Amino acid sequence: MRSMSPFRPTVAHALVIIAAATLVVGSMPARADHDSAAVCPDSHPSAPQVSLEDVYRGMPFQPGERARYSVAYMGVPAGFGVMTVDPPANAGGSWQRAFRVQARTGDWYRRVYDGEGSVLALSRPADFGATGYWHEQEGRTLMAQRIHRKQVLTFKQEACKVIEYTQRTGKRAHTEEIALSYGATDMLSALYYLRTKDYEIGKSERRLLYASGKNLWLEVSPVGYETLTVPAGTFKALKLKLQAYFRDEPLRKRSVEIWLVPDHPNRPIVRADAQMKIGQVRLELMEFVAGLSAGRPVSGTNPERSSALAARSIER
């Protein structure tokens, strides 16, 4: 995202994406000759069809899960964000996992920037391969300048391409087709993917990630266990260092770290830190509510209706 002030790309966007999206990727360099570094094999297996009951089976997160985070910038409270796991969404005739974020700036920080945003991400149950991504951000600066940004990504994994639609204040809306590495996940789904893995201290692993028009490798390095106290409580958490690579080059030198709790049945992320160009962004877990068993709708919600709404949002 293009930097428009010292505050918006660090705090406001971190609010919207919560952790991995801005903390790992941040501002991306402009694409050169549409070089997305896509890796598309000549042949690849089709993703298996998964029944509604099996979409979340065996996962540490279930529909109805709700995690609320505080966000601080340079030690100053900046806002709050809520990550939720939605009921399965039917997109293209296949059931998908659905993850959502909603966030806004806090009362004090609104004197600097008043903003709110949301993200909806759909991904395949078999491999977390991205299928849809919808992001909208609305805000107003200290000088009362209105900022609006909307982005819709439609992933066509079998064809190794993604269709990006972008609309922002002062710019003409445009649609672009970009090559996609087969099986790449999106930035929000990547956070949930990290919660499913078993880690060995000192042993790094990589995962394909698509972000800001680039096909990246997300390298995850387990550092060690620490005892952390956050508003939600005290936890023995595993510290993970995250680094994104474009081809073999690290995307940037800024540090990104998250802490999750492997011994908790839901393996929640309890803290995330990112050293930005100007200061540090920190997210801390305030409240965690576990979801229901696999395939069951959230209380009071029709899963078919929720799925249709999610699919329509993605297809806009």
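The talk below sets values from this structure against the definitions behind the labels.

Mentor: This is a predicted model, in which local features need pLDDT of at least 70 and side-chain atom pairs count only at pLDDT 80 or more, while totals for chains, interfaces and linings use all residues. Residues are numbered from 1 along each chain as its sequence is written, and side-chain values use heavy atoms, with hydrogens and water left out.

Trainee: How many helices and strands does the protein have?
Mentor: The protein has four helices and 15 strands. Helices (H or I, at least four residues) and strands (E, at least two) are DSSP runs, numbered from the N terminus.

Trainee: What share of the residues is buried?
Mentor: Of the 316 residues in the protein, 55% are buried. Buried means under 20% relative accessible area, exposed over 50%, and partly exposed in between, with a 1.4 Å probe and protein chains only.

Trainee: Why is the link of Arg195 and Glu65 called a salt bridge?
Mentor: The term asks for a side-chain nitrogen of Lys or Arg within 4 Å of a carboxyl oxygen of Asp or Glu. For Arg195 and Glu65 the N to O distance is 2.8 Å, so the pair meets the rule. Arg195 lies in the loop between helix H3 (187–194) and strand E9 (205–211), and Glu65 in the loop between helix H2 (20–25) and strand E1 (66–73), so the bridge ties together parts that are 130 residues apart in sequence.

Trainee: Are Arg195 and Glu65 buried or exposed?
Mentor: Arg195 has a relative accessible area of 5% and is buried. Glu65, at 1%, is buried as well.

Trainee: What makes the pair of Arg267 and Asp198 a salt bridge?
Mentor: The closest N and O atoms of Arg267 and Asp198 are 3.9 Å apart, so the pair passes the salt-bridge cut-off. Arg267 sits in the loop between strand E13 (256–260) and strand E14 (269–275), Asp198 in the loop between H3 and E9, and the two are 69 residues apart. Arg267 is buried at 12%, whereas Asp198 is exposed at 67%.

Trainee: How many salt bridges does the rule give?
Mentor: The count comes to 14. One of them joins Arg271 and Asp273 at 3.0 Å, N to O, and both of these residues are buried. Arg124, Asp127 and Glu158 are linked in a network of salt bridges.

Trainee: Why is the link of Cys40 and Cys160 called a disulfide?
Mentor: A disulfide is a pair of cysteine sulfur atoms within 2.5 Å. The sulfur atoms of Cys40 and Cys160 are 2.0 Å apart, so the label applies. The whole structure holds one disulfide. Cys40 lies in the loop between H2 and E1, and Cys160 in the loop between strand E6 (146–156) and strand E7 (161–168), so the pair ties together parts that are 120 residues apart in sequence.

Trainee: Which labels do Cys40 and Cys160 get for accessibility?
Mentor: Cys40 is partly exposed, with a relative accessible area of 39%. Cys160 counts as buried at 6%.

Trainee: Why does Met74 count as exposed?
Mentor: Met74 is at 53% relative accessibility, and exposed means over 50%, so the label holds. Met74 is found in the loop between E1 and strand E2 (76–91). The C-alpha atoms of Met74 and Val281 are separated by 6.4 Å, although the two are 207 residues apart along the chain.
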